[in-house]
Amino acid sequence: MANFVLVAGARLGAWAWDEVVPYLRAAGQGAHPLTLSGLADRAGVPAGQQTHVQDIVDEVEGRDLRDVVLVGHSYSGIPVGQAAERIGDRLAHVVFVDSSLPADGEAFVSAWPDGGATVKASIAENGGFWPLVTAAHYDGHGLTDEQIARIVGGSTPHPGATLIEPAVLSRPLGELPATYIQCVLAGAGPGDDVADLLPGKHWRLVEMATGHWPMFSQPRELAQIFLQAAGE
């Protein structure tokens, strides 16, 4: 039995996986959606990026999970990629869902065209948090109005320190057994950081014909990809 530890992206919590979890459990697998510090029901808990890495490690070790498939969506690919290196032989696979990837010494905002200046300014203007976005932000991603309303209604401002602190990796990311899910509805291909890893023997690419939030727009199809990844 695989144990899926599911970590959603910025502003989201464990609730984002509500429609994915039943498919995993129906297949006889363990499913452990995780809310990171400072978000959702853990709002108010101080958090930096390494706090989020430790949240994931604590979930795995605290539950004594084995055959772990770590899943990171969007921002959370950064702490998930670091945590994957730290849980040793408990790890079976990592799935990055249309996510950022950690690079040693680099922050989430490092890859932004302006070097993160806009995000940093927004964090400074909003009391140390990356603020919420409007419903229009989710247009064009294959989501219904109801799904968008659910995302907007459940989101919380994101702890800004997690976005500007550097990642810490002890070995090359390409050594991890990994699946990268590219959501192609908007026509984007994998970034250079992903493309550089795909020729290696440990990584593979899966495309989904949906937008950036497939846990809402295509939960059954997403769960099936997770199950296939766990079976490799």
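## Helix α2

Helices (H or I, at least four residues) and strands (E, at least two) are DSSP runs, numbered from the N terminus. This is a predicted model, where local features need pLDDT of at least 70, side-chain atom pairs count only at pLDDT 80 or more, and totals for chains, interfaces and linings use all residues. Residues are numbered from 1 along each chain as its sequence is written, and side-chain values use heavy atoms, with hydrogens and water left out.

Among the buried residues of α2 are His 52, Val 53, Ile 56 and Val 60; buried means under 20% relative accessible area (1.4 Å probe, protein chains only). The cover over the buried residues of α2 includes β1, β3 and α3, by contact (heavy atoms within 4.5 Å). Just after α2, Asp 64 has a positive phi of about 55°.

Now to β3, residues 68-73, where six of six residues are buried. Val 68, Leu 70 and Gly 72 point one way, while Val 69, Val 71 and His 73 point the other. In a regular strand, side chains alternate between the two faces of the sheet.

Strand β1 (residues 3-7) runs parallel to β3, joined by five bridges; strands pair if DSSP finds at least two bridges between them. Here Asn 3 has Val 68 as its bridge partner. Strand β4 (residues 91-97) also pairs with β3 in the parallel sense, over six bridges, and Leu 70 stands opposite Val 94.

Note on methods:
Buried < 20%, exposed > 50% of the residue type's maximum accessible area, 1.4 Å probe, protein only.
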